[in-house]
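Subject: Structure handover and notes

Hello,

I am passing on the structure that we talked about, and you will find it just below. Please open it beside this message, so that you can follow the notes with the model in view.

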Amino acid sequence: MSDLLELDHISLAYDTPEGLVPVVKDLCLGLKQGHIGCLLGSSGCGKTTILRAIAGFEPLRAGEIRLAGRCLSRPDQAVEPQARQVGMMFQDYALFPHLSVEDNVGFGLRRLDKAQRRARVNDMLELVGLSDARHRYPHELSGGQQQRVALARALAPEPGLLLLDEPFSNLDVDTRERLAFELRDILKKTGHTALLVTHNQAEAFAIADRIGVMDRGRILQWDTPYALHHAPTSPFVADFVKREVLMAQRAQAYQRGLAAE
Ligand SMILES: Nc1ncnc2c1ncn2[C@@H]1O[C@H](COP(=O)(O)OP(=O)(O)OP(=O)(O)O)[C@@H](O)[C@H]1O
Ligand SMILES: [Mg+2]
């Protein structure tokens, strides 16, 4: 099976007053239909820039982006963002404050007639467990509920690909963990293909079928979580994975210590 999403040797740079600053360098990855991919890396390594390029908001300096075999971007040509069938959920997942939950979810469905729209909104609210909150406004919801509304809104138009940039960044640790598993369940149930960005390794390993460990605009390894643990191809990836495992073990030991007191 060929990949649904293909990033083929892409390079990205920002135009700044000091000149062109390269951010992403000759990067390749492929994501299969129905898979969840995750870009993992420290702040500033270029994760958001890559998602923005896939969504159509950053021009490519080199390479090509394809979705289902169709070229979305290359340096001399780009499909408009709204014509890409790519759904997005960004860091602050900004819901429309003056719209109810159901109107937020239905926002991208204006092309459907009223009955179809209502049916689709109902399905989405049921999927994320918020049918009872349909008439509430965003400020009447918890952070986790708002996050689920944003997910329902992103999924409602049935995008061919869903991009999620740090979808849990504003939530407490417990809610984050719960929603990470919930997100995986929802995406697997609906068969969506998604590329997610995080700098939380535990989250990436909980959710992803493929993880890309990034360093300064490059993907050092794009692989299964298992392979990253057991067959890292570079000292950087080995250290990166080991460091987080050590931290998790230390946190557990610390909690056990507290429990014993
Ligand atoms: N509009 C812009 N103009 C110039 N430089 C930018 C712009 N946006 C981002 N950058 C720079 O590009 C690099 C990559 O930024 P990007 O936002 O993709 O990082 P990131 O991996 O998403 O980081 P974080 O984890 O902090 O969100 C950074 O050095 C950043 O300062
Ligand atoms: Mg970012």
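Before the notes begin, one definition is needed: helices (H or I, at least four residues) and strands (E, at least two) are DSSP runs, and they are numbered from the N terminus. Just after one such helix, α1, comes G56, which takes a positive phi of about 105°.

Please keep in mind that this is a predicted model, in which local features need pLDDT of at least 70 and side-chain atom pairs count only at pLDDT 80 or more, while totals for chains, interfaces and linings use all residues. Residues are numbered from 1 along each chain as its sequence is written, and chains are lettered from A and ligands numbered from 1 in the order in which they are written.

The sheet

Five strands form an open sheet in the order β2-β1-β4-β5-β6, with antiparallel pairing, where two strands are said to pair if DSSP finds at least two bridges between them. The edge strands are β2 and β6 (77-78), each of which pairs on one side only.

The surroundings of ligand 1

Which residues surround ligand 1? They are Y14, T16, V21, V23, S43, G44, C45, G46, K47, T48, T49 and H199, and a residue counts as near a molecule if its C-beta atom, placed from the backbone, lies within 6 Å of it. At least two residues of this shell come from each of β1 (5-16), β2 (19-31) and α1 (47-55), and α1 gives the most, with three residues. By type, the shell divides into four nonpolar, seven polar and one charged residue; here Ala, Val, Leu, Ile, Met, Phe, Trp, Tyr, Cys and Pro count as nonpolar, Asp, Glu, Lys and Arg as charged, and the others, Gly among them, as polar.

The helices

In what follows, a residue is buried if 20 or more other C-beta atoms lie within 10 Å of its own, exposed if 12 or fewer do, and partly exposed in between, with C-beta atoms placed from the backbone. In α1, the buried residues are K47, I50, L51, A53, I54 and A55.

Helix α3 (residues 114-127) has 14 residues and reaches 20 Å from its first C-alpha to its last, close to the 20 Å expected at 1.5 Å a residue, where the expected span is 1.5 Å times one less than the number of residues. R120, V121, M124 and L125 are buried in α3. Seen down the axis of α3, these buried residues fall within an arc of 135°, so they line one face of the helix; the arc is that of the directions from the helix axis to the C-beta atoms. On the other side of α3, A115, Q116, A119 and E126 are exposed. The buried residues of α3 pack against α2 (101-106) and α4 (143-155), and contact here means that the C-beta atoms of two residues, placed from the backbone, lie within 7 Å. After α3 comes G129, whose phi is positive, near 75°.

Is α4 largely enclosed by the rest of the structure or largely open? Ten of its 13 residues are buried, so α4 is largely enclosed. Its buried residues pack against β7, α2, α3, β8 (161-165) and α5 (173-190).

Two single residues

G106 lies in helix α2, and it counts as buried because it has 24 C-beta neighbours inside 10 Å. Leaving aside residues up to four places away in sequence, G106 touches R117, V121 and A156.

L99, by contrast, is placed in the loop between β7 (86-89) and α2, and it counts as partly exposed because it has 15 C-beta neighbours inside 10 Å. The C-alpha atoms of L99 and P138 are separated by 7.8 Å, although these residues are 39 apart along the chain.

With best wishes
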